[in-house]
Amino acid sequence: MSALPHGTVTLLFTDVEGSTQLQHRLGDAYQAVVAEHRHLLEAAFAEHGGVVVDRQTESFFVVFARARHAVQAAAEAQRALAKHEWPDGVQVKVRMGIHSGDPEVAGDRYVGLAVSRAARICASAHGGQVLLSSSARALLSDHDRSSLRALGFYRLKDFAEPEAVSQLVVDGLPSQFPPLRTEAAPSQRKRLLSAGASLLVAAIAAVAIFALTRGGSSVAVGPTSLAAIDPKTNKVFASIDLGFKSNLIAAGEGYVWVVDPKGSTLLRIDPRTHGVDTFGIAVGAGDVPFGLAAGAGAIWVAVLRGANEVVLELGPDVGDLRRVIPFGGRAASPVLYRLQPLAVGDGAIWAIDPAAGGVWRIPPRNGKARRLAEGLDALSLAAGGGAVWVAGSSGVTKIDAVTGLQLGSTTVGAQSFSESASIALSPNAVWFAGSSTPTLSKLDPQSASTTQTFPVGRGPSAVSVGEGAVWVANSGDGTLTRIDPVSGSRTITLGQTPGGVIAAYGAVWMSPGTPRS
(Lines give C-alpha, C1' and ligand atoms only; values in the text may rest on other atoms or scores of the structure.)
Protein backbone atom coordinates (compact mmCIF):
# COMPACT_ATOMS: atom_id res chain seq x y z
CA MET A 1 0.00 0.00 0.00
CA SER A 2 1.22 3.49 -0.85
CA ALA A 3 2.00 5.91 1.98
CA LEU A 4 -1.12 7.54 3.35
CA PRO A 5 -1.45 11.27 2.65
CA HIS A 6 -1.54 13.60 5.65
CA GLY A 7 -3.52 16.76 6.34
CA THR A 8 -6.86 17.48 4.72
CA VAL A 9 -7.83 14.45 2.63
CA THR A 10 -11.01 13.03 1.13
CA LEU A 11 -12.29 9.66 2.30
CA LEU A 12 -14.46 7.35 0.20
CA PHE A 13 -16.36 4.37 1.59
CA THR A 14 -18.23 1.80 -0.52
CA ASP A 15 -20.49 -1.14 0.26
CA VAL A 16 -22.44 -3.62 -1.88
CA GLU A 17 -26.19 -3.31 -1.38
CA GLY A 18 -28.18 -6.52 -0.84
CA SER A 19 -25.14 -8.76 -0.65
CA THR A 20 -27.00 -11.51 1.22
CA GLN A 21 -29.73 -11.68 -1.42
CA LEU A 22 -27.07 -11.84 -4.13
CA GLN A 23 -25.40 -14.77 -2.38
CA HIS A 24 -28.69 -16.66 -2.18
CA ARG A 25 -29.40 -16.03 -5.85
CA LEU A 26 -25.96 -16.69 -7.30
CA GLY A 27 -24.69 -19.42 -5.00
CA ASP A 28 -21.08 -20.35 -5.77
CA ALA A 29 -20.94 -17.74 -8.56
CA TYR A 30 -21.17 -14.97 -5.97
CA GLN A 31 -17.45 -15.03 -5.19
CA ALA A 32 -16.58 -14.39 -8.84
CA VAL A 33 -19.07 -11.51 -8.96
CA VAL A 34 -17.59 -9.94 -5.84
CA ALA A 35 -14.09 -10.31 -7.26
CA GLU A 36 -15.11 -8.61 -10.50
CA HIS A 37 -16.74 -5.83 -8.48
CA ARG A 38 -13.45 -5.32 -6.64
CA HIS A 39 -11.52 -5.25 -9.91
CA LEU A 40 -13.78 -2.57 -11.42
CA LEU A 41 -13.65 -0.36 -8.35
CA GLU A 42 -9.89 -0.70 -7.84
CA ALA A 43 -9.30 0.32 -11.46
CA ALA A 44 -11.43 3.44 -11.03
CA PHE A 45 -9.73 4.36 -7.75
CA ALA A 46 -6.24 3.88 -9.15
CA GLU A 47 -7.05 5.95 -12.23
CA HIS A 48 -7.72 8.97 -10.01
CA GLY A 49 -4.92 8.55 -7.50
CA GLY A 50 -6.85 6.78 -4.77
CA VAL A 51 -5.02 4.81 -2.08
CA VAL A 52 -6.89 1.79 -0.72
CA VAL A 53 -6.76 1.96 3.09
CA ASP A 54 -8.91 -1.09 3.76
CA ARG A 55 -10.53 -3.73 1.57
CA GLN A 56 -13.18 -6.17 2.72
CA THR A 57 -15.11 -8.72 0.69
CA GLU A 58 -17.88 -6.29 -0.25
CA SER A 59 -16.53 -2.88 0.75
CA PHE A 60 -13.68 -0.41 0.30
CA PHE A 61 -12.13 2.43 2.29
CA VAL A 62 -10.10 4.66 -0.04
CA VAL A 63 -8.34 8.00 0.47
CA PHE A 64 -7.73 10.75 -2.09
CA ALA A 65 -5.56 13.85 -1.85
CA ARG A 66 -8.28 15.98 -3.50
CA ALA A 67 -12.06 15.93 -3.25
CA ARG A 68 -12.58 16.22 -7.00
CA HIS A 69 -10.51 13.07 -7.58
CA ALA A 70 -12.72 11.13 -5.16
CA VAL A 71 -15.83 12.37 -6.96
CA GLN A 72 -14.39 11.47 -10.36
CA ALA A 73 -13.43 7.99 -9.14
CA ALA A 74 -16.87 7.39 -7.66
CA ALA A 75 -18.58 8.43 -10.89
CA GLU A 76 -16.29 6.22 -12.98
CA ALA A 77 -16.83 3.27 -10.65
CA GLN A 78 -20.62 3.61 -10.82
CA ARG A 79 -20.51 3.76 -14.61
CA ALA A 80 -18.32 0.66 -14.74
CA LEU A 81 -20.67 -1.26 -12.45
CA ALA A 82 -23.74 -0.22 -14.46
CA LYS A 83 -22.12 -1.07 -17.80
CA HIS A 84 -20.81 -4.50 -16.78
CA GLU A 85 -22.78 -7.61 -17.79
CA TRP A 86 -23.36 -9.58 -14.61
CA PRO A 87 -24.39 -13.28 -14.59
CA ASP A 88 -28.01 -14.40 -14.20
CA GLY A 89 -29.25 -10.88 -14.96
CA VAL A 90 -28.36 -9.54 -11.52
CA GLN A 91 -27.37 -5.96 -10.82
CA VAL A 92 -24.49 -5.18 -8.49
CA LYS A 93 -25.36 -1.92 -6.81
CA VAL A 94 -22.82 -0.18 -4.59
CA ARG A 95 -23.51 2.65 -2.16
CA MET A 96 -20.76 5.25 -1.74
CA GLY A 97 -20.06 8.02 0.75
CA ILE A 98 -17.48 10.82 0.45
CA HIS A 99 -16.24 13.09 3.25
CA SER A 100 -13.28 15.48 3.54
CA GLY A 101 -11.47 15.97 6.82
CA ASP A 102 -8.20 15.71 8.70
CA PRO A 103 -8.01 12.18 10.13
CA GLU A 104 -4.98 11.10 12.14
CA VAL A 105 -2.61 8.63 10.51
CA ALA A 106 -1.92 5.62 12.75
CA GLY A 107 0.51 3.33 10.97
CA ASP A 108 -1.22 1.95 7.88
CA ARG A 109 -4.66 3.29 8.71
CA TYR A 110 -6.61 6.41 9.65
CA VAL A 111 -8.39 7.06 12.93
CA GLY A 112 -10.69 9.82 14.14
CA LEU A 113 -14.16 11.23 13.71
CA ALA A 114 -13.58 12.01 10.04
CA VAL A 115 -13.40 8.28 9.33
CA SER A 116 -16.59 7.60 11.29
CA ARG A 117 -18.45 10.41 9.55
CA ALA A 118 -17.44 9.14 6.09
CA ALA A 119 -18.64 5.63 6.99
CA ARG A 120 -21.97 6.97 8.29
CA ILE A 121 -22.53 8.94 5.09
CA CYS A 122 -21.92 5.81 3.04
CA ALA A 123 -24.33 3.82 5.20
CA SER A 124 -27.02 6.44 4.50
CA ALA A 125 -26.92 5.86 0.73
CA HIS A 126 -28.72 3.37 -1.47
CA GLY A 127 -27.07 1.10 -4.00
CA GLY A 128 -25.92 3.11 -7.00
CA GLN A 129 -26.04 6.37 -5.01
CA VAL A 130 -23.04 8.60 -4.15
CA LEU A 131 -23.40 10.96 -1.19
CA LEU A 132 -21.10 13.80 -0.14
CA SER A 133 -20.69 15.65 3.14
CA SER A 134 -20.75 19.44 3.34
CA SER A 135 -16.97 19.57 3.75
CA ALA A 136 -16.38 17.47 0.64
CA ARG A 137 -18.76 19.68 -1.30
CA ALA A 138 -16.98 22.81 -0.03
CA LEU A 139 -13.65 21.64 -1.46
CA LEU A 140 -15.03 21.29 -4.99
CA SER A 141 -14.94 24.01 -7.63
CA ASP A 142 -18.13 25.68 -8.78
CA HIS A 143 -17.95 23.61 -11.96
CA ASP A 144 -17.70 20.34 -10.05
CA ARG A 145 -20.50 21.37 -7.70
CA SER A 146 -22.83 21.69 -10.70
CA SER A 147 -23.05 17.88 -10.69
CA LEU A 148 -24.32 17.82 -7.11
CA ARG A 149 -27.88 17.88 -5.81
CA ALA A 150 -28.42 19.22 -2.28
CA LEU A 151 -30.59 16.80 -0.31
CA GLY A 152 -30.85 18.73 2.96
CA PHE A 153 -29.79 18.02 6.53
CA TYR A 154 -29.65 14.49 7.95
CA ARG A 155 -28.74 12.97 11.28
CA LEU A 156 -25.80 10.57 11.33
CA LYS A 157 -25.51 7.89 13.97
CA ASP A 158 -23.40 8.96 16.97
CA PHE A 159 -23.12 12.56 15.69
CA ALA A 160 -25.17 15.23 17.45
CA GLU A 161 -24.90 17.80 14.68
CA PRO A 162 -26.94 17.23 11.48
CA GLU A 163 -24.97 16.93 8.27
CA ALA A 164 -25.79 18.76 5.02
CA VAL A 165 -25.76 15.95 2.46
CA SER A 166 -25.45 16.23 -1.32
CA GLN A 167 -25.88 13.60 -4.02
CA LEU A 168 -23.61 13.20 -7.04
CA VAL A 169 -25.63 13.09 -10.25
CA VAL A 170 -23.79 10.85 -12.73
CA ASP A 171 -24.70 11.39 -16.38
CA GLY A 172 -26.49 8.42 -17.88
CA LEU A 173 -27.23 6.76 -14.54
CA PRO A 174 -30.34 6.85 -12.33
CA SER A 175 -30.51 9.89 -10.09
CA GLN A 176 -33.79 9.25 -8.26
CA PHE A 177 -33.54 7.19 -5.08
CA PRO A 178 -35.75 6.51 -2.05
CA PRO A 179 -35.29 8.70 1.05
CA LEU A 180 -31.88 8.31 2.63
CA ARG A 181 -31.36 5.47 5.07
CA THR A 182 -31.12 7.87 8.00
CA GLU A 183 -33.34 10.41 9.72
CA ALA A 184 -33.90 13.78 8.06
CA ALA A 185 -33.26 16.84 10.21
CA PRO A 186 -34.87 20.28 9.78
CA SER A 187 -32.51 23.02 8.57
CA GLN A 188 -33.60 25.09 11.59
CA ARG A 189 -33.27 28.40 9.82
CA LYS A 190 -34.79 30.31 12.72
CA ARG A 191 -35.35 33.94 11.99
CA LEU A 192 -35.37 36.35 14.90
CA LEU A 193 -38.17 38.46 13.49
CA SER A 194 -38.24 41.06 16.19
CA ALA A 195 -34.52 41.75 15.84
CA GLY A 196 -34.79 41.89 12.07
CA ALA A 197 -37.79 44.17 12.22
CA SER A 198 -36.12 46.56 14.63
CA LEU A 199 -33.05 46.77 12.44
CA LEU A 200 -35.11 47.51 9.36
CA VAL A 201 -37.16 50.14 11.19
CA ALA A 202 -33.98 51.76 12.42
CA ALA A 203 -32.64 51.81 8.89
CA ILE A 204 -35.76 53.50 7.61
CA ALA A 205 -35.61 56.04 10.42
CA ALA A 206 -31.95 56.88 9.83
CA VAL A 207 -31.41 60.56 9.30
CA ALA A 208 -28.30 60.56 7.15
CA ILE A 209 -29.25 60.57 3.48
CA PHE A 210 -26.95 60.37 0.52
CA ALA A 211 -27.43 59.98 -3.20
CA LEU A 212 -25.13 57.88 -5.35
CA THR A 213 -25.98 59.47 -8.68
CA ARG A 214 -27.07 62.96 -9.65
CA GLY A 215 -30.82 62.98 -10.01
CA GLY A 216 -31.05 59.39 -8.73
CA SER A 217 -33.13 58.10 -5.86
CA SER A 218 -31.73 58.38 -2.35
CA VAL A 219 -31.82 55.82 0.48
CA ALA A 220 -31.68 56.61 4.17
CA VAL A 221 -28.38 55.33 5.56
CA GLY A 222 -27.21 56.01 9.08
CA PRO A 223 -23.64 56.08 10.40
CA THR A 224 -23.92 52.46 11.55
CA SER A 225 -25.79 51.11 8.52
CA LEU A 226 -24.87 48.39 6.06
CA ALA A 227 -25.49 49.59 2.49
CA ALA A 228 -26.36 47.35 -0.47
CA ILE A 229 -25.34 48.77 -3.85
CA ASP A 230 -26.63 47.61 -7.22
CA PRO A 231 -23.54 47.05 -9.42
CA LYS A 232 -25.59 47.74 -12.56
CA THR A 233 -26.84 51.18 -11.53
CA ASN A 234 -24.26 52.12 -8.86
CA LYS A 235 -27.13 53.05 -6.54
CA VAL A 236 -27.84 52.03 -2.98
CA PHE A 237 -31.04 50.01 -3.03
CA ALA A 238 -31.17 48.88 0.61
CA SER A 239 -29.70 49.73 3.99
CA ILE A 240 -29.81 47.97 7.34
CA ASP A 241 -28.81 49.58 10.61
CA LEU A 242 -26.36 47.31 12.40
CA GLY A 243 -26.11 49.34 15.56
CA PHE A 244 -22.31 49.28 15.40
CA LYS A 245 -19.38 50.02 13.08
CA SER A 246 -17.30 47.15 11.74
CA ASN A 247 -14.91 46.35 8.93
CA LEU A 248 -15.53 42.64 9.64
CA ILE A 249 -17.81 41.60 6.79
CA ALA A 250 -17.88 38.37 4.78
CA ALA A 251 -20.06 36.54 2.27
CA GLY A 252 -20.57 32.80 2.06
CA GLU A 253 -22.91 29.91 2.74
CA GLY A 254 -25.68 31.88 1.05
CA TYR A 255 -25.56 34.97 3.28
CA VAL A 256 -23.73 38.19 4.12
CA TRP A 257 -22.20 38.23 7.62
CA VAL A 258 -21.08 41.08 9.89
CA VAL A 259 -19.62 40.75 13.39
CA ASP A 260 -19.57 43.40 16.12
CA PRO A 261 -15.90 43.94 17.06
CA LYS A 262 -16.88 45.31 20.46
CA GLY A 263 -19.47 42.71 21.42
CA SER A 264 -20.73 39.18 21.01
CA THR A 265 -23.10 39.61 18.08
CA LEU A 266 -22.96 38.03 14.63
CA LEU A 267 -25.50 39.24 12.08
CA ARG A 268 -26.66 37.15 9.12
CA ILE A 269 -28.26 39.08 6.25
CA ASP A 270 -30.30 37.30 3.60
CA PRO A 271 -29.19 38.86 0.29
CA ARG A 272 -32.58 38.18 -1.29
CA THR A 273 -35.01 39.41 1.37
CA HIS A 274 -32.62 41.57 3.43
CA GLY A 275 -33.96 39.84 6.52
CA VAL A 276 -31.60 39.75 9.47
CA ASP A 277 -30.84 37.00 11.99
CA THR A 278 -28.88 37.82 15.12
CA PHE A 279 -26.65 35.17 16.68
CA GLY A 280 -24.79 35.35 19.94
CA ILE A 281 -21.22 34.08 19.68
CA ALA A 282 -19.27 32.39 22.43
CA VAL A 283 -17.12 35.22 23.71
CA GLY A 284 -16.55 35.98 27.35
CA ALA A 285 -15.86 39.17 29.25
CA GLY A 286 -12.84 40.88 27.74
CA ASP A 287 -12.86 38.72 24.60
CA VAL A 288 -12.46 40.67 21.37
CA PRO A 289 -13.61 39.43 17.93
CA PHE A 290 -11.13 40.62 15.32
CA GLY A 291 -11.61 38.50 12.20
CA LEU A 292 -14.43 37.04 10.09
CA ALA A 293 -14.64 34.65 7.13
CA ALA A 294 -17.31 32.44 5.60
CA GLY A 295 -16.96 29.26 3.58
CA ALA A 296 -16.10 25.54 3.75
CA GLY A 297 -19.49 24.91 5.34
CA ALA A 298 -19.05 27.25 8.31
CA ILE A 299 -18.56 30.78 9.64
CA TRP A 300 -15.15 31.54 11.17
CA VAL A 301 -14.56 34.22 13.81
CA ALA A 302 -11.11 35.11 15.16
CA VAL A 303 -11.21 36.07 18.85
CA LEU A 304 -8.57 37.40 21.23
CA ARG A 305 -9.07 35.88 24.69
CA GLY A 306 -6.76 37.75 26.98
CA ALA A 307 -3.43 37.18 25.24
CA ASN A 308 -4.55 33.99 23.48
CA GLU A 309 -5.87 33.75 19.93
CA VAL A 310 -8.60 31.32 18.87
CA VAL A 311 -10.85 30.81 15.86
CA LEU A 312 -14.48 29.85 16.46
CA GLU A 313 -16.15 27.58 13.91
CA LEU A 314 -19.89 28.34 13.81
CA GLY A 315 -22.67 26.59 11.96
CA PRO A 316 -24.26 28.86 9.32
CA ASP A 317 -27.84 27.81 10.12
CA VAL A 318 -28.20 28.61 13.82
CA GLY A 319 -24.78 29.97 14.73
CA ASP A 320 -24.00 26.90 16.82
CA LEU A 321 -20.44 26.58 18.11
CA ARG A 322 -18.72 23.60 16.50
CA ARG A 323 -15.08 24.07 17.44
CA VAL A 324 -12.73 26.38 19.30
CA ILE A 325 -9.37 26.27 17.52
CA PRO A 326 -6.31 27.75 19.27
CA PHE A 327 -3.64 29.27 17.03
CA GLY A 328 -0.75 31.70 17.16
CA GLY A 329 1.29 32.91 20.09
CA ARG A 330 0.49 35.20 22.99
CA ALA A 331 -0.53 38.59 21.65
CA ALA A 332 0.18 41.07 24.44
CA SER A 333 -1.42 44.19 22.95
CA PRO A 334 -2.09 43.83 19.21
CA VAL A 335 -3.75 46.66 17.32
CA LEU A 336 -6.67 44.57 16.15
CA TYR A 337 -8.57 47.19 14.16
CA ARG A 338 -5.80 47.14 11.55
CA LEU A 339 -6.34 43.49 10.71
CA GLN A 340 -8.39 41.50 8.23
CA PRO A 341 -6.87 38.26 9.49
CA LEU A 342 -9.05 35.42 8.14
CA ALA A 343 -9.54 33.95 4.66
CA VAL A 344 -11.01 30.80 3.16
CA GLY A 345 -9.40 29.24 0.10
CA ASP A 346 -7.31 26.39 -1.26
CA GLY A 347 -9.08 23.87 0.96
CA ALA A 348 -8.37 25.55 4.29
CA ILE A 349 -8.99 28.52 6.56
CA TRP A 350 -6.02 30.87 6.93
CA ALA A 351 -5.38 33.07 9.94
CA ILE A 352 -2.88 35.83 10.75
CA ASP A 353 -1.16 35.66 14.13
CA PRO A 354 -0.59 39.33 15.05
CA ALA A 355 1.79 38.32 17.85
CA ALA A 356 4.46 36.99 15.49
CA GLY A 357 3.40 38.08 12.01
CA GLY A 358 2.52 34.46 11.39
CA VAL A 359 0.20 32.68 8.99
CA TRP A 360 -1.63 29.60 10.24
CA ARG A 361 -3.54 26.92 8.34
CA ILE A 362 -6.77 25.58 9.88
CA PRO A 363 -8.37 22.42 8.45
CA PRO A 364 -12.03 22.94 7.52
CA ARG A 365 -13.54 20.17 9.64
CA ASN A 366 -11.28 18.44 12.17
CA GLY A 367 -7.69 18.81 13.28
CA LYS A 368 -5.40 21.39 14.81
CA ALA A 369 -4.15 24.67 13.38
CA ARG A 370 -0.66 24.50 11.86
CA ARG A 371 1.82 27.37 11.56
CA LEU A 372 2.79 27.94 7.95
CA ALA A 373 5.09 30.96 8.25
CA GLU A 374 6.03 33.75 10.63
CA GLY A 375 7.95 37.01 10.77
CA LEU A 376 5.82 38.60 8.05
CA ASP A 377 4.40 42.08 7.68
CA ALA A 378 0.86 40.71 7.85
CA LEU A 379 -2.36 42.72 7.99
CA SER A 380 -4.63 40.76 5.63
CA LEU A 381 -4.44 37.69 3.42
CA ALA A 382 -6.08 35.74 0.62
CA ALA A 383 -5.53 32.20 -0.66
CA GLY A 384 -5.86 30.58 -4.06
CA GLY A 385 -3.94 28.77 -6.78
CA GLY A 386 -1.68 26.96 -4.32
CA ALA A 387 -0.47 30.17 -2.66
CA VAL A 388 -1.29 32.44 0.25
CA TRP A 389 -0.95 36.16 -0.41
CA VAL A 390 -0.13 38.28 2.63
CA ALA A 391 -0.62 42.05 2.56
CA GLY A 392 1.37 44.31 4.87
CA SER A 393 1.72 48.01 5.51
CA SER A 394 3.80 48.58 2.40
CA GLY A 395 3.79 45.45 0.28
CA VAL A 396 2.77 41.89 -0.53
CA THR A 397 4.37 38.51 0.15
CA LYS A 398 3.48 35.30 -1.69
CA ILE A 399 4.03 32.01 0.16
CA ASP A 400 3.46 28.39 -0.79
CA ALA A 401 0.20 27.10 0.70
CA VAL A 402 1.74 23.74 1.58
CA THR A 403 5.34 24.40 2.59
CA GLY A 404 5.15 28.04 3.69
CA LEU A 405 8.19 28.88 1.58
CA GLN A 406 8.30 32.43 0.26
CA LEU A 407 7.63 32.47 -3.47
CA GLY A 408 7.92 36.19 -4.04
CA SER A 409 7.40 39.65 -2.56
CA THR A 410 7.05 43.19 -3.73
CA THR A 411 6.95 46.67 -2.26
CA VAL A 412 3.78 48.42 -3.34
CA GLY A 413 2.83 52.08 -3.21
CA ALA A 414 4.49 54.78 -1.14
CA GLN A 415 6.92 53.94 1.63
CA SER A 416 4.76 55.59 4.29
CA PHE A 417 3.19 53.53 7.06
CA SER A 418 -0.32 52.19 6.40
CA GLU A 419 -2.75 51.56 9.22
CA SER A 420 -4.41 48.83 7.19
CA ALA A 421 -3.82 46.87 3.99
CA SER A 422 -6.24 44.88 1.87
CA ILE A 423 -5.79 42.13 -0.71
CA ALA A 424 -8.15 40.24 -3.03
CA LEU A 425 -7.76 37.68 -5.81
CA SER A 426 -9.31 37.43 -9.25
CA PRO A 427 -8.62 34.65 -11.77
CA ASN A 428 -5.69 36.45 -13.39
CA ALA A 429 -4.59 39.08 -10.90
CA VAL A 430 -3.90 40.01 -7.29
CA TRP A 431 -5.25 43.35 -6.04
CA PHE A 432 -3.65 45.34 -3.20
CA ALA A 433 -4.36 48.62 -1.47
CA GLY A 434 -2.70 50.23 1.57
CA SER A 435 -4.58 52.88 3.51
CA SER A 436 -1.73 55.44 3.31
CA THR A 437 -1.82 55.62 -0.52
CA PRO A 438 -4.83 56.44 -2.76
CA THR A 439 -3.85 53.71 -5.22
CA LEU A 440 -5.01 50.21 -6.10
CA SER A 441 -2.22 47.99 -7.44
CA LYS A 442 -2.71 45.07 -9.80
CA LEU A 443 -0.09 42.33 -9.36
CA ASP A 444 0.89 39.45 -11.61
CA PRO A 445 -0.01 36.21 -9.76
CA GLN A 446 3.10 34.43 -11.02
CA SER A 447 5.85 36.98 -10.43
CA ALA A 448 4.11 39.02 -7.69
CA SER A 449 5.22 42.17 -9.51
CA THR A 450 3.04 45.24 -10.05
CA THR A 451 1.63 45.42 -13.57
CA GLN A 452 -0.81 48.34 -13.28
CA THR A 453 -2.08 50.93 -10.81
CA PHE A 454 -5.40 52.73 -10.50
CA PRO A 455 -6.25 55.91 -8.58
CA VAL A 456 -8.77 55.47 -5.77
CA GLY A 457 -10.01 57.62 -2.90
CA ARG A 458 -8.24 58.51 0.35
CA GLY A 459 -7.66 55.91 3.02
CA PRO A 460 -8.63 52.70 1.15
CA SER A 461 -9.76 50.27 3.84
CA ALA A 462 -10.99 47.22 1.92
CA VAL A 463 -10.86 45.58 -1.52
CA SER A 464 -13.27 43.05 -3.00
CA VAL A 465 -13.54 41.31 -6.37
CA GLY A 466 -16.91 40.32 -7.77
CA GLU A 467 -20.00 41.31 -9.72
CA GLY A 468 -17.88 42.18 -12.75
CA ALA A 469 -15.53 44.65 -11.09
CA VAL A 470 -12.97 45.38 -8.38
CA TRP A 471 -14.35 47.48 -5.51
CA VAL A 472 -12.35 49.66 -3.12
CA ALA A 473 -13.87 51.20 0.02
CA ASN A 474 -12.19 54.55 0.72
CA SER A 475 -12.55 55.42 4.39
CA GLY A 476 -10.80 58.78 4.17
CA ASP A 477 -13.26 60.54 1.90
CA GLY A 478 -16.41 58.42 2.09
CA THR A 479 -16.27 57.01 -1.42
CA LEU A 480 -16.40 53.67 -3.18
CA THR A 481 -14.23 53.16 -6.25
CA ARG A 482 -15.39 50.75 -8.94
CA ILE A 483 -12.72 49.48 -11.32
CA ASP A 484 -14.19 47.72 -14.32
CA PRO A 485 -11.80 46.00 -16.76
CA VAL A 486 -14.08 47.00 -19.64
CA SER A 487 -15.46 50.45 -18.85
CA GLY A 488 -12.71 51.76 -16.59
CA SER A 489 -12.94 53.21 -13.09
CA ARG A 490 -15.63 55.24 -11.39
CA THR A 491 -15.78 56.88 -7.97
CA ILE A 492 -19.11 56.75 -6.16
CA THR A 493 -19.64 59.33 -3.42
CA LEU A 494 -21.27 57.81 -0.37
CA GLY A 495 -21.28 60.53 2.25
CA GLN A 496 -20.39 58.14 5.07
CA THR A 497 -17.25 56.30 6.16
CA PRO A 498 -17.03 52.77 4.76
CA GLY A 499 -15.34 50.00 6.68
CA GLY A 500 -15.40 46.72 4.78
CA VAL A 501 -16.76 45.83 1.35
CA ILE A 502 -17.78 42.54 -0.20
CA ALA A 503 -19.20 41.88 -3.69
CA ALA A 504 -21.52 38.87 -3.74
CA TYR A 505 -25.04 37.67 -4.49
CA GLY A 506 -25.71 40.32 -7.14
CA ALA A 507 -24.80 43.31 -4.98
CA VAL A 508 -21.94 45.19 -3.32
CA TRP A 509 -22.26 45.24 0.47
CA MET A 510 -20.51 48.00 2.41
CA SER A 511 -20.22 48.00 6.19
CA PRO A 512 -19.80 51.22 8.23
CA GLY A 513 -16.33 51.95 9.58
CA THR A 514 -13.86 54.58 10.72
CA PRO A 515 -11.25 56.50 8.70
CA ARG A 516 -7.87 54.83 8.02
CA SER A 517 -4.62 56.53 7.13
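This is a predicted model: local features need pLDDT of at least 70, side-chain atom pairs count only at pLDDT 80 or more; totals for chains, interfaces and linings use all residues.
Visitor: What does the side chain of Asp 287 meet in a salt bridge?
Guide: Its partner is the side chain of Arg 305, at 3.2 Å from N to O. Asp 287 sits in the loop between strand S18 and strand S19, whereas Arg 305 belongs to strand S20, 18 residues apart. Arg 305 is partly exposed, with a relative accessible area of 27%.

Visitor: How many salt bridges does a search of the whole structure find?
Guide: The search finds 16. One of them joins Arg 68 and Asp 144 at 3.5 Å, N to O. Arg 68 lies in helix H3 and Asp 144 in helix H6, so this pair ties together parts that are 76 residues apart in sequence.

Visitor: And Glu 313 and Arg 323, where are they?
Guide: Glu 313 is in strand S21 and Arg 323 in strand S22. Their side chains form a salt bridge of 2.6 Å, N to O. Glu 313 is buried at 2% relative accessible area, and Arg 323 is buried at 14%.

Visitor: Changing topic, which residues have the most contacts inside the largest nonpolar core?
Guide: They are Phe 45, Ile 98, Leu 132 and Leu 168, in a core of 36 residues. Helix H3 gives the largest share, eight residues. Apart from this core lies another, of 30 residues, including Ala 351 and Leu 443.

Note on methods:
Residues are numbered from 1 along each chain as its sequence is written. Side-chain values use heavy atoms; hydrogens and water are left out. A nonpolar core is a set of buried Ala, Val, Leu, Ile, Met, Phe, Trp, Tyr and Cys residues joined through side-chain atoms within 4.5 Å. Buried means under 20% relative accessible area, exposed over 50%, partly exposed in between (1.4 Å probe, protein chains only). Helices (H or I, at least four residues) and strands (E, at least two) are DSSP runs, numbered from the N terminus. A salt bridge is a side-chain nitrogen of Lys or Arg within 4 Å of a carboxyl oxygen of Asp or Glu.
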